[in-house]
Amino acid sequence: THFLRQRLGALGLAPRAFSYHSMHAGLDEVLAALAAQVRALPPPVHVVGHSLGGVLLLELFARVAALPPGRVVLLGAPANGSEAACAVSRWPVGPAILGRLALEQLVTTPRHGWSGTRELGVIAGSLSAGMGRVVARLPEPNDGTVAVAETRVDGMREHLVLPVTHTGMLFSGEVAGRTARFLEGGRF
């Protein structure tokens, strides 16, 4: 995320990172900490989440009220569950590999919609290279970890598919540019 933050900063935004312990932290704990960080910033507060982080943003805005206005961009977030995570969860050590939040959000309760007042944009990747292809038979197209279909969110404003991998989207200048454009104007 360091490179994405640098690119967004160069495009005139003031990005800040939020980190959480996906292996051990519970959803309520993570959402409370994230809500506190969002509330501490002057509005508008735009947020960007990659992968599981994007799924957690969907949960945040579904469960927590009175957050400052802004826009949301999800990058490769498996809002409809993750075939790769489901495959790993079936391994004897799979739940330990995935961690508590991923198991809960990507396997057990995988469908997330959007009914928030914020504009939501979603970027998915279509360059199929990654570990997800090794552990599961992913639907096409996919970014090597998450299928494009897994990123679609009912109620989103826009959905954009770019030729990037799941991890590569964090390094992509085009992803950063399109993200900044959506945060500033509500369109990719």
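**Notebook: salt bridges in the model**

I started with a network of salt bridges that links D28, E59 and R63. For my own reference, a salt bridge here is a side-chain nitrogen of Lys or Arg within 4 Å of a carboxyl oxygen of Asp or Glu. This is a predicted model, in which local features need pLDDT of at least 70, side-chain atom pairs count only at pLDDT 80 or more, and totals for chains, interfaces and linings use all residues. Residues are numbered from 1 along each chain as its sequence is written, and side-chain values use heavy atoms, with hydrogens and water left out.

I counted six salt bridges in the structure.

Next I looked up R63 with E59: their closest N and O atoms are 2.7 Å apart. Both sit in helix α3 (residues 52–63), four residues apart, about one turn of the helix. Helices (H or I, at least four residues) and strands (E, at least two) are DSSP runs, numbered from the N terminus. E59 is buried at 11% relative accessibility, while R63 is partly exposed at 49%. The cut-offs are under 20% relative accessible area for buried, over 50% for exposed, and partly exposed in between (1.4 Å probe, protein chains only).

Then I checked R157 and E119, whose salt bridge spans 2.0 Å, N to O. R157 lies in the loop between α8 (148–151) and β4 (158–162) and E119 in the loop between α6 (100–108) and β3 (120–125), so this pair ties together parts 38 residues apart in sequence.

Last, I found E174 bridged to R178, with the closest N and O atoms 3.3 Å apart. They are four residues apart in helix α9 (residues 173–185), about one helical turn.
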